[in-house]
Amino acid sequence: MRKSHPLIIAVAMFTLGFLYLPLVAVAVFSVNATRYGLVWRGFTLDWYLKLCQNEFILNAAWNTLVLAVVSTVAATILGTVLAIGMDRFPWGRKANTSLDLVLHIPVVIPDIILAAALVVAFGLLRVVSSLFEPGLLNMIIGHITFQISFVALVVRSRLVSIGRDVEEVARDLFASTPYVLRRVTIPLLLPGIVAGAMLAFTLSLDDFVISFFTAGPESVTLPLFIFAAVRRGVTPQIHALSTLVVLITVILIVGMERFTRK
Amino acid sequence: MIKLLVWYGELTTRKNLAKRGLLFLGAGMLWLMVFLVLPGLVLIGVSFATRGAYGELVWEFTLENYKRMAGFSLFGWTADYIMILWRSVWVAFVTTLISVVLSYPLSFFICARPERTRYFWLTLVIIPFWTNMVIRTYAWFLILAPELPLAKIAAFFGLIPQSAPLYPNAFAVYLGMVSMFLPFVTLPLYASVERLDWALVEAAQDLYASKVRVFTQAILPQTMPGLSVGIILTFVPAMGMFVVPDLLGGAKYMLVGNLIQQQFGASRDWPFGAAISMGLMVLTMISLQLYRRRSKEIEFV
């Protein structure tokens with residue numbers, strides 16, 4: 001145990017304050033009774049009640065949830081299978097390197113480049129099929145594309161850390177491939193799969209850029225809604241909505257920690 | 001003659017194994033090919049195409065988009081686009097630097113907490129990391145509002161007009177950027193600081209090393225792995241950032257992310273947008289290359 005220098009404590013406190021001051025301000029003004037300006041006019045929960053009556057916001061919340069759930073489920077399955085395929089078979093060094101490279105693209109490039117590429121690709125595909133009109137389906141495709149990489153990388157690191165001994169033992173005892181998968185690999189891998197899925201889910205909720213580029217008029221999500229609203233001017237209702245979103249994030253994080261620490 | 005081999009307890013042939021392996025790889029790889037690699041190639045292709053009169057794509061090979069990015073136009077040469085690219089690199093650099101400077105004390109502080117509460121402090125850094133960036137950006141509107149001290153001080157010194165908010169401007173962009181990316185540096189750095197071998201630091205102190213030398217020769221090399229990951233995780237996305245400059249910088253402080261968004265949004269000039277994306281891609285490649293040796297693995301939080 002080492003003691004911190006007072007200066008270190010001061011800077012650390014300043015930094016944490018810097019991170020939280022804006023979020024706290026949003027929470028404070030979400031319960032302020034005045035509609036305009038930043039003068040304190042007493043406590044109210046009206047803005048939260050009004051949220052629940054706003055059809056548009058409820059719709060956006062629903063879209064956000066559908067987008068996150070569908071893309072996470074698809075990306076978790078695709079990413080897990082991909083990770084097993086990459087780690088458990090004797091591919092050459094060259095093949096491994098190029099697979100690895102492709103897998104890392106969405107992780108390292110700025111998301112706006114992926115968004116631009118998707119806009120152009122969907123634009124061209126639209127000539128073939130009307131499925132690729134901007135909208136929820138395109139957003140789901142976009143989210144899956146970057147989520148796969150994250151899931152596959154997390155699951156693969158788990159595959160490496162559990163090693164192959166148990167699988168080999170199962171083989172030696174004449175287990176078939178599906179049996180090994182079902183009774184050995186997948187159960188051992190489960191914490192990695194869940195961690196990957198949670199990461200994918202949070203990434204989807206957190207994403208703005210990919211959604212912004214691929215969304216249609218009918219498929220507004222909460223981040224898109226907030227972005228459009230604050231450009232017109234901030235209102236207490238937006239503060240209330242943002243506070244709720246932050247609270248849900250906090251609950252997810254704490255839940256995730258509880259799960260992964262056990 | 002079929003060559004048999006034993007692969008982790010299974011008697012099989014190379015062909016069988018490859019067949020089954022492809023079955024696993026197939027779906028995921030196909031997805032990444034169709035929706036990642038192909039769109040990427042198409043984007044490169046489009047950057048050499050021509051924009052039609054109504055914003056449609058015309059497949060005529062041209063270098064016009066790249067020339068335009070370099071500043072050549074009908075009316076001679078301007079540095080506008082080069083400036084925006086350069087500014088994006090500069091903003092990313094300053095953001096990374098400030099984040100690193102603030103992250104060291106914060107990581108040391110968290111490491112020095114007792115075991116019971118350390119996790120609480122770490123969670124305080126994780127929460128902003130995962131909070132939606134639109135919310136975290138617009139939240140600064142409130143802090144920089146004309147009624148609050150920051151804007152009042154700025155107005156007092158005549159930096160902004162009376163009763164005007166302290167945005168949009170360059171200062172607000174830096175504030176937003178640092179608060180956005182700070183956790184991206186702190187979290188990997190913390191992982192390194194936690195494993196720090198204090199014996200080396202004490203040895204340096206015992207040998208009368210100055211404070212600066214203790215840091216550069218005992219602490220910095222040991223925390224390099226985490227620091228490298230943090231720098232990459234900050235610098236690259238910061239270059240392409242679009243929400244913060246859009247909300248806090250406005251037209252006054254445009255970055256390359258805004259420029260790209262404009263081409264795909266209001267201007268509807270895909271070929272030019274694609275060319276700028278390629279410019280950003282090249283900048284990304286260069287920065288990754290500079291750091292490749294040290295950041296072999298990227299840790300996820």
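This note goes through a predicted model of chains A and B, point by point.

1. Residues are numbered from 1 along each chain as its sequence is written, while chains are lettered from A and ligands numbered from 1 in the order in which they are written. Because the model is predicted, local features need pLDDT of at least 70 and side-chain atom pairs count only at pLDDT 80 or more, whereas totals for chains, interfaces and linings use all residues.

2. The contact between the chains draws on 76 residues from chain A and 73 residues from chain B, two residues being in contact if their C-beta atoms, placed from the backbone, lie within 7 Å. On the side of chain A that touches chain B, helix α1 (residues 6–29) of chain A gives the most, with 14 residues; helices are DSSP runs of H or I with at least four residues, strands are runs of E with at least two, and both are numbered from the N terminus.

3. Val46(B) belongs to helix α1 (residues 14–46) of chain B. Val46(B) is buried because 29 other C-beta atoms lie within 10 Å, the cut-off for buried being 20 or more such atoms, placed from the backbone. Leaving aside residues up to four places away in sequence, Val46(B) touches Val120(A), Leu57(B), Trp270(B), Pro271(B) and Ala274(B). Of these, Leu57(B) is eleven residues from Val46(B) in sequence and 8.0 Å away in space, C-alpha to C-alpha.

4. In chain B, strands β1 (residues 4–7) and β2 (residues 10–13) run antiparallel and are joined by four bridges, where pairing requires that DSSP finds at least two bridges between the strands. Leu5(B) has Thr12(B) as its bridge partner in β2(B). This hairpin has two residues between the strands, and Tyr8(B) takes a positive phi near 45 degrees in it.

How values were computed
Buried ≥ 20, exposed ≤ 12 C-beta atoms within 10 Å, placed from the backbone.
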